[in-house]
2 protein chains.
Amino acid sequence: MGGDHGAVEVVPGALAYARAHPEDTILLVGDEAVLAGFLADRPANVRTVHASQVVEMHEHPAIALREKKDATILVAMDLVRKGEADAVVTAGHTGAGMAAAVLRLGRLRGVDRPALAVQMVGTENPFVLLDIGANPDSTPENLAQYARMGAIFSERVLGVDRPRVALLSIGEEKGKGDARIARATELLDATDLNFIGNVEGKDLTQFSADVVVCDAVLGNVVIKFFEGLSGYIFDLLKAEFAGSIRGRLAYLLMRPGIRRIRTVFDYEVVGGSPLLGVRGSVIITHGRAKRRMIEHAVRVGATTARERVPERIAEALGAAARNAGPETAGEASTPEAGV
Amino acid sequence: MGGDHGAVEVVPGALAYARAHPEDTILLVGDEAVLAGFLADRPANVRTVHASQVVEMHEHPAIALREKKDATILVAMDLVRKGEADAVVTAGHTGAGMAAAVLRLGRLRGVDRPALAVQMVGTENPFVLLDIGANPDSTPENLAQYARMGAIFSERVLGVDRPRVALLSIGEEKGKGDARIARATELLDATDLNFIGNVEGKDLTQFSADVVVCDAVLGNVVIKFFEGLSGYIFDLLKAEFAGSIRGRLAYLLMRPGIRRIRTVFDYEVVGGSPLLGVRGSVIITHGRAKRRMIEHAVRVGATTARERVPERIAEALGAAARNAGPETAGEASTPEAGV
């Protein structure tokens, strides 16, 4: 029900995934009366789970989750907690999604703080940037954990072999930056990760690393600036195209190319942002996600669950977590995604 | 002599300013034998000051400044220190420029740390972003000082009346972000500045504030990401234009428009970055600055000196600084810029 478009885009996106993946089951969580309107030709592997309430985009997450006990996001998280689903995918309120995950699923053992990661556009493959907003005031130890979690996601979900891990900082020289970055560099140097030191802001479009780690304030500013700046440049272009006959003619010629570029930006950057470090596979996609992006986010969620990313994080970060790993990350070969 | 292009671009840019501003005097600091080659038709208000050495872009600033006592950047700073020039403009090594300024001019009284500011592109006028790289590990008190310095620059040099000052953070809600931002919010709320709270990454192209304040790591990542991302988008466009006959035709039609957009980006973002908080007017422009950007940077330097920005910062930040203000910020109506 969530996101800027609600069921109108979320349901068709989920159905598209379901049709392409008959081995998986999709659970649509929401008002069944509303959902029914979009399910005229539902595939056999799509079910609905009723939830009567929705956290609206303007609401304060903590308050909304306290007051709306039957909110879709809570019902979906509970499906994962009870082992009835393997992953949650949401286009709804990001803060509510993160809060509901921590509230209902909890942190993995050994993880001090979850981190929200994003797949970001680059000159080659997308890379993983985290934390983009789960928790500010991270410590060097937090950053080192983010690096480990991001590397597992990169390896297992994006298929990168020995992902290059870097810290986002002010200079390329290893350890350069502030005190937090200097200390995180020491911690990461002592791990078996493929840690390559710092990347700078200009490297973010150069595919210089597969996993880029930073504090939430930095990551959040980067990702929102990315959206703002790319949108701004496309707006300037649009004005030039629309502003003259020459421009309108040029646009007719260039339309496929412009579309290709826009798609790269819309799709990769926000296609599926995993909340790493909680006991389950949770994908938070963009509020403005349309069906294609929703389908992509469901795929990321299914892969995250199938590849047992949460369990691998628990194994890597807490020896004690092995026996208490997330129920979601069992041997199931048919992830069920609560959208 | 500095920057990617050296005297080839720096001298013509400075001469263009000199011709347009006969009331000001330009001092060109560098190897006089080299400079002579570019001064065939020098205006009467242009002089040269010999310096035999240059800090190269790859050198470590502290080491280079220790070993090259006759480096152009040191000679230029000394001209300001001795009252023989009113502003320094450099396209050379940014780190060396900042270090030389602190070394030879010193901090203004009441200023704990200088900050490097940049004028950044926006949907309307450029706004001021600082610190973009002078000093990481800023305290809330440092951020509050940056806000004051940036507001003075915005008001005096960019002509903004009661500039809106904001902190760059993770959410729009006032005080939201990390502990440093929360405390800086309290400090700024207690000032008479026109403090409007937070701006987010997406607001950076929306002209939501006139002065945007952040720690050096964040500011540096933003400004370098800005360059990297805008360059990346233009590269994608170029590839689309070049990749087909339709594209090449479209490019012919759109060339003036594309140029206009590129100019906005090249020019405004890096036209003239003041190092605020030192005892003198110091403008550090981009290494890749060409003559038009150099001319703009000289103009920013002259205005900064003429408007007595350093002295006003000292007045605002340290009562004791009034009598010990920078010599450069006297009553002089004819700034001399050491380029």
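Which residues does A:Val213 touch, not counting residues up to four places away in sequence?

First, some housekeeping. This is a predicted model, where local features need pLDDT of at least 70, side-chain atom pairs count only at pLDDT 80 or more, and totals for chains, interfaces and linings use all residues. Residues are numbered from 1 along each chain as its sequence is written, while chains are lettered from A and ligands numbered from 1 in the order in which they are written.

Let's start with chain A on its own. It has eleven helices and eleven strands; these are DSSP runs numbered from the N terminus, helices being H or I with at least four residues and strands E with at least two. The C-alpha atoms fill a box of roughly 65 × 60 × 35 Å along the principal axes. Buried residues make up 57% of the 339 in this chain, where buried means that 20 or more other C-beta atoms, placed from the backbone, lie within 10 Å of the residue's own.

Now, back to A:Val213. Its partners are A:Leu130, A:Leu143, A:Tyr146, A:Ala147, A:Gly150, A:Val165, A:Leu167 and A:Leu168. Touching, or being in contact, means C-beta atoms placed from the backbone and lying within 7 Å. A:Val213 also stands out in the largest nonpolar core, which has 225 residues: together with A:Leu129, B:Leu129 and B:Val213, it touches the most other members. Such a core is a set of buried Ala, Val, Leu, Ile, Met, Phe, Trp, Tyr and Cys residues joined through C-beta atoms within 7 Å.

So how do the two chains meet? 44 residues of chain A are in contact with 44 residues of chain B. On the chain A side, helices H8 (216-242) and H9 (245-270) each supply at least two residues, and H8(A) gives the largest share, 19 residues.

One last stop is helix H6 of chain B, residues 140-156. This helix is mostly covered, with 13 of its 17 residues buried. Thanks, everyone!

Methods: Contact = placed C-beta atoms within 7 Å. Expected span 1.5 Å × (residues − 1). Buried ≥ 20, exposed ≤ 12 C-beta atoms within 10 Å, placed from the backbone.
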